[in-house]
Amino acid sequence: MDDEESILTLVSRHVSALGHHPLTALSADQALKILASVRSGPIDTVIVNIVMPSHDGTWLINQLAAHYPLGRVVIATGVEELDARITLKPNVVAYLVKPFRACELRDVLDIRD
C-alpha cells in the first residue's frame with residue numbers, strides 16, 4: 001500500500017518479478033477492502049507505507065494485527081526513524097527505508113517465520 005501510484009507500480013513490478021502475485025492499494029481503507037474481498041487464498045505479506053493521507057500506515061498495521069493476526073507486515077517508508085511501538089509489533093517482520101533496492105525487497109519477502 002502506497003499513496004504514490006508510481007511507487008506502488010514499481011514495487012508491484014518487483015514483487016511480480018519475484019514470483020509473487022501482488023494486489024495494490026492507494027490507501028489504508030482500500031487495502032482493508034481488498035483483504036476482506038480476497039477469496040483465492042490468504043495474503044501472507046502486506047507492504048505498508050507509514051505516511052498516508054486519511055488513515056496512515058500505523059493505523060493499518062493496527063487493523064491488520066487485530067483482524068489478520070497471521071499476516072506479515074513489511075514497512076516501506078521514507079521515514080528513517082519510526083517509533084519502536086510500530087516497528088516492534090508482532091506482525092512487522094521488516095522495515096525498508098525508501099528508496100530501497102529490489103534486492104532488499106527480495107530479501108524481506110524471503111523471510112519466513
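Tutor: Contact means that heavy atoms lie within 4.5 Å. This is a predicted model, in which local features need pLDDT of at least 70 and side-chain atom pairs count only at pLDDT 80 or more, while totals for chains, interfaces and linings use all residues. Residues are numbered from 1 along each chain as its sequence is written, and side-chain values use heavy atoms, with hydrogens and water left out.

Student: Which pattern does the protein follow along the sequence?

Tutor: Helices (H or I, at least four residues) and strands (E, at least two) are DSSP runs, numbered from the N terminus. The protein has five helices and three strands. Read along the sequence, they give the pattern α-α-β-α-β-α-β-α.

Student: What is the radius of gyration of the protein?

Tutor: The radius of gyration is taken over C-alpha atoms, and the globule rule is 2.2 Å times the number of residues to the power 0.38. For 113 residues that rule gives 13 Å, and the protein comes close to this value, so it is as compact as a globular protein of that length. The radius of gyration of the protein is 13 Å.

Student: What percentage of the residues of the protein count as buried?

Tutor: A residue is buried when its relative accessible area is under 20%, exposed when it is over 50%, and partly exposed in between (1.4 Å probe, protein chains only). Of the 113 residues of the protein, the buried share is 36%.

Student: Leaving aside neighbours within four places in sequence, with which residues is Ala31 in contact?

Tutor: Ala31 is found in helix H2. At 9% relative accessibility, Ala31 counts as buried. Beyond its neighbours within four places in sequence, Ala31 is in contact with Met1, Ala25 and Leu60.

Student: Is Leu60 buried or exposed?

Tutor: Leu60 is found in helix H3, residues 57–67. Leaving aside its neighbours within four places in sequence, Leu60 is in contact with Met1, Ala28, Ala31, Leu32 and Val48. With a relative accessibility of 0%, Leu60 counts as buried.

Student: Within what arc do the buried residues of H3 fall?

Tutor: The buried residues in H3 are Gly57, Thr58, Leu60, Ile61 and Leu64. Seen down the axis of H3, they line one face of the helix, because they fall within an arc of 160 degrees. The arc is that of the directions from the helix axis to the C-beta atoms. For the buried residues of H3, then, the value is 160 degrees.

Student: Which residues are exposed on the other side of H3?

Tutor: The cover of the buried residues of H3 includes helix H2 (28–37), S1, strand S2 (72–77), helix H4 (84–87) and S3. On the other side of H3, the exposed residues are Ala66 and His67.

Student: How many Å does helix H1 reach from its first C-alpha to its last?

Tutor: H1 spans residues 5–17 and has 13 residues. The expected span of a helix is 1.5 Å times one less than its number of residues. H1 is close to its expected 18 Å, with a reach of 18 Å.

Student: Against which elements do the buried residues of H1 pack?

Tutor: In H1, Leu8, Val11, Ser12 and Val15 are buried. They cover an arc of only 105 degrees around the axis, which puts them on the same side of H1. On the other side of H1, Ser6, Arg13 and Ala17 are exposed. The buried residues pack against strand S1 (45–48) and helix H5 (102–109).

Student: Which residue forms a salt bridge with Asp107?

Tutor: A salt bridge is a side-chain nitrogen of Lys or Arg within 4 Å of a carboxyl oxygen of Asp or Glu, and by this rule the count comes to one. Asp107, at 42% relative accessibility, counts as partly exposed. With the closest N and O atoms 3.0 Å apart, the partner of Asp107 is Arg106.

Student: What is the phi of Ser54?

Tutor: Most residues other than glycine have a negative phi. Ser54 lies in the loop between S1 and H3, and is exposed, with a relative accessible area of 71%. Its phi is positive in a residue other than glycine, with a value near 60 degrees.

Student: What is the omega of the peptide bond from Lys98 to Pro99?

Tutor: Most peptide bonds are trans. Pro99 is found in the loop between strand S3 (92–97) and H5. The bond from Lys98 to Pro99 is cis, with omega near -5 degrees.
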